[in-house]
Amino acid sequence: MGTLLAIESSTPRASLALLTDGEVRYEGGFESDRNHNSLLFAPLQAALAAAAPGGIDEVVVGTGPGSYSGTRVGIAAGQGVAMVHDCPAVGLSSLLAAGVESGIAIGDARRGSAWWARLGEGLPEPALVPDAELAAKLEGAPRVFAFESVARLGLPDSIEVRPLVPTAAALARAWLALPEETRQRLRAEPPQPAYLRPPHITEAKKGHPLLRER
């Protein structure tokens with residue numbers, strides 16, 4: 001199986017793990033709401049030191065849903081390591097990084113909407129739903145999970161929402177457990193954050209320099 005570096009930075013509790021032949025050789029992390037770009041590199045350096053002298057054979061990075069900036073930092077770092085070590089960098093849903101085998105994961109998608117995804121049925125595919133319709137999606141669900149507080153969504157008290165804590169080590173194990181055909185397909189796709197909706201773009205106003213003829 002070689003040496004695998006895993007990076008999971010889609011939540012404030014970020015982590016890294018280094019596995020060789022499926023065994024964890026290094027695991028570290030940090031907590032931060034906004035400083036993933038500066039705090040990631042100390043544990044990354046420690047992970048790379050644990051890999052020497054054999055180097056890295058593959059990098060897997062959590063793609064969210066979660067912190068857009070944190071996820072982008074993790075992906076950029078993973079791609080940088082992959083370039084140096086001439087190995088693949090692969091993106092994998094952070095919903096697989098919590099070791100939960102079944103249930104429904106939910107989250108606040110802002111702008112009057114939420115997201116939800118079934119766990120334990122292959123690769124999770126988060127879908128958007130209006131806030132007011134989320135409770136109906138959760139009817140009969142034995143377990144409901146969330147990366148962060150979903151108090152704003154106004155769910156009834158009868159729905160217990162449990163914390164979902166993704167880790168790099170769990171992400172690595174989820175990757176290794178996938179069928180080889182699935183892994184080959186994901187290797188061919190560039191890692192990118194889980195986009196729940198198209199980016200919100202504000203058009204430039206009339207007279208903006210970028211709109212002037214050149």
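1. Trp-115 is buried, with a relative accessible area of 5%, where buried stands for under 20%, exposed for over 50% and partly exposed for values in between (1.4 Å probe, protein chains only). This is a predicted model, in which local features need pLDDT of at least 70 and side-chain atom pairs count only at pLDDT 80 or more, while totals for chains, interfaces and linings use all residues. Residues are numbered from 1 along each chain as its sequence is written, and side-chain values use heavy atoms, with hydrogens and water left out.

2. One aromatic pair is found in a search of the whole structure; rings of Phe, Tyr and Trp (its six-membered ring) pair if their centres lie within 6.5 Å, and planes under 30 degrees apart count as stacked, over 60 as edge-to-face and the rest as tilted. The ring centres of Trp-115 and Phe-147 are 6.5 Å apart and their planes stand at 50°, so this pair is tilted.

3. Five strands form an open sheet in the order E8-E7-E6-E9-E10, with mixed pairing; strands (E, at least two residues) and helices (H or I, at least four) are DSSP runs numbered from the N terminus, and two strands pair if DSSP finds at least two bridges between them. Strand E8 (127-130) and strand E10 (161-163) are at the edges with a single partner strand each, so one side of each has no neighbour in the sheet. Strand E9 (residues 144-146) runs parallel to E10 and is joined to it by three bridges, with Phe-145 opposite Arg-162 in E10.

4. Gly-107, in strand E6 (residues 103-110), is buried, with a relative accessible area of 4%. Leaving aside residues up to four places away in sequence, Gly-107 touches Ala-114, Trp-115, Val-150 and Leu-153, contact being heavy atoms within 4.5 Å.

5. A further open sheet of five strands has the order E3-E2-E1-E4-E5, again with mixed pairing. Its edges are strand E3 (23-31) and strand E5 (89-92), each having a single partner strand, so one side of each is left without a neighbour in the sheet. Strand E1 (residues 3-8) and strand E2 (residues 13-20) run antiparallel and are joined by six bridges, and Ala-6 stands opposite Ala-17 in E2.

6. The count of salt bridges comes to nine, a salt bridge being a side-chain nitrogen of Lys or Arg within 4 Å of a carboxyl oxygen of Asp or Glu. Arg-187 and Glu-58 form one of them (2.5 Å, N to O); Arg-187 lies in helix H6 (residues 180-187) and Glu-58 in strand E4, so the pair ties together parts that are 129 residues apart in sequence. Glu-58 is buried at 11% relative accessible area, whereas Arg-187 is partly exposed at 25%. Arg-187 also forms a salt bridge with Glu-180, with the closest N and O atoms 3.0 Å apart.

7. Glu-189 and Arg-185 form a salt bridge in which the closest N and O atoms are 3.6 Å apart.
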